[in-house]
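Have the structure open as you read.

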Amino acid sequence: MSFYEVGQIINTHGIHGEVKIKVITDFADERFQKGKLLYLLRPDKELALKIITVRRVKQFYLLSFENYQDINLVEKFKGLKLAIKEEQQQKLTDNNFYHHQIIGLKVFDEELNEIGIVSEILSPGANDVWIIKRAGRKELLLPAIHDVVKKVDIASGSIIVDLLDGLDD
């Protein structure tokens with residue numbers, strides 16, 4: 001079963017089982033709602049947790065879970081990731097993709113010459129930057145913008161890009 005991380009428990013908060021969550025999702029308001037189900041990714045197996053309270057404090061969320069309203073029960077959760085199952089993912093609009101769909105795809109230029117494989121995605125600000133691993137050459141940093149990324153074909157596992165002047169120096 002596939003799980004996708006949406007947050008990490010970074011600390012407890014108070015004595016009633018609240019935990020402080022560092023957000024790792026673009027859909028925090030939808031993911032962290034009362035009644036929603038999250039999965040705690042433990043080394044041995046995942047644990048299903050139903051959210052019963054939600055508060056937002058600055059860039060963090062404070063959550064508590066059904067049957068875990070005591071600090072002693074949630075203390076052991078610190079540092080662990082919270083995830084959702086694949087079927088809980090939002091449907092994205094056309095030409096929008098989840099990172100896990102892009103990582104691992106082969107990248108080609110417009111003449112269909114293979115450039116490399118997307119190994120990682122950075123989100124430094126205005127747009128994502130794809131790190132392309134290349135055989136025998138240093139990594140290529142590609143901005144994920146319409147001028148560069150011409151076509152993403154998840155089914156065939158390929159991406160067509162236009163290497164604008166200065167991108168591959």
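Let's start with a facing pair: Phe-108 sits opposite Glu-114 in β8. Keep in mind that this is a predicted model. Strand β7 (residues 106-109) and strand β8 (residues 114-122) run antiparallel, joined by three bridges. Their hairpin has four residues between the strands, and Leu-112 takes a positive phi near 65° there.

β8 also pairs with strand β9 (residues 129-133), again antiparallel, this time over five bridges. Look for Ile-121 across from Trp-130 in β9.

## Two nonpolar cores

The largest nonpolar core holds 21 residues, and the ones touching the most other members are Leu-38, Leu-63, Phe-65 and Leu-82. Two or more residues come from each of β1, β2 (18-23), β3 (37-41), β4 (46-57), β5 (60-65) and β6 (81-85). Another core, of 15 residues, lies apart from that one; Val-118, Trp-130, Val-149 and Val-152 are among its members.

Beyond its neighbours within four places in sequence, Leu-38 has contacts including Val-6, Phe-32, Leu-47, Ile-51, Leu-63, Phe-65 and Leu-82, plus the charged Arg-31.

## The largest pocket

What lines the largest pocket, by class? The lining has 15 nonpolar, eight polar and six charged residues. The pocket takes in about 940 Å³ of space. Of its 29 lining residues, Asp-26, Phe-97, Tyr-98, His-99 and Asp-128 are the closest to the centre. β1 (3-13), α3 (99-102) and β11 (149-153) are the elements giving two or more residues to the lining.

Conventions
Residues numbered from 1 in each chain as written. Predicted model: local features only at pLDDT ≥ 70, side-chain atom pairs only at ≥ 80, totals over all residues. Heavy atoms only, no water. 1 Å grid on protein atoms, 1.4 Å probe; cavity = no way out; pocket = protein on both sides within 12 Å on 5 of 7 lines; lining within 4 Å. Points joined across faces, edges and corners; volume = space filled by probe spheres on them. Core = buried A, V, L, I, M, F, W, Y, C linked by side-chain atoms within 4.5 Å. Buried < 20%, exposed > 50% of the residue type's maximum accessible area, 1.4 Å probe, protein only. Contact = heavy atoms within 4.5 Å. Pairing = 2+ DSSP bridges.
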